[in-house]
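Hi everyone, thanks for coming.

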Amino acid sequence: MYSKEEASQLKQAFWTTFGQYIAPQLSAEGLRVNWVNYKTGIKHVYFKMQADKHTATISIEISHPDPGIQELFFEQFLEYKNILTASQNEVWEWELHGKDEYGKTICRIFKQIKDISIFNKNDWPELISFFKPRIIALDEFWSDAKYGFDGLK
């Protein structure tokens, strides 16, 4: 078992490694992007990559404090569901008004793998192989879809 500090250092080491690995990849618009802290340009809409001792998850997270507005964003994403699915070449889970790790109400569209640990360096190649193509595909999807959300800003 790792101490809190050791766990934090391992997580930081993974995300630094992932960031360095994916840094040469330009966005769909040909720009440099911070893939680990991807900015959607819309407040309360985030692309998140998370990993812990059992799972890895990549998600679109809608965290607006008003559940009604969350639902409007979620419905707008539903309009783009076929495009998102085609860009990812897989079906993602859709969760309206779930809870995040802090108990806050959010909406999520996500893909998760289990039985993998950020604390096991032998799993890092598999984690990178999970995150990289999906965040790149999310960026490609978002380069077209983001304009459909302008009215919700």
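I'll begin with the model itself and then turn to ring pairs.

This is a predicted model, where local features need pLDDT of at least 70, side-chain atom pairs count only at pLDDT 80 or more, and totals for chains, interfaces and linings use all residues. Residues are numbered from 1 along each chain as its sequence is written, and side-chain values use heavy atoms, with hydrogens and water left out. The protein chain averages a pLDDT of 94; pLDDT is the predictor's confidence in each residue, from 0 to 100.

Now, the rings. Rings of Phe, Tyr and Trp (its six-membered ring) pair if their centres lie within 6.5 Å; planes under 30 degrees apart count as stacked, over 60 as edge-to-face and the rest as tilted. How many aromatic pairs does this rule give? The count is 19. One of them joins Phe18 and Phe131, edge-to-face, at 6.0 Å centre to centre and 70 degrees between the planes. Phe18 sits in helix H1 and Phe131 in helix H4, 113 residues apart; helices here are DSSP runs (H or I, at least four residues), numbered from the N terminus. Are these two buried or exposed? Phe18 is buried at 0% relative accessible area, and Phe131 is buried at 0% too; buried means under 20%, exposed over 50%, partly exposed in between (1.4 Å probe, protein chains only).

Next, Phe77 and Phe149: their ring centres are 4.4 Å apart with planes at 45 degrees, so this pair is tilted. Both Phe77 and Phe149 are buried. They also belong to a cluster linked by ring pairs, whose members include Trp35, Tyr38 and Trp142.

Conventions. Helices (H or I, at least four residues) and strands (E, at least two) are DSSP runs, numbered from the N terminus.
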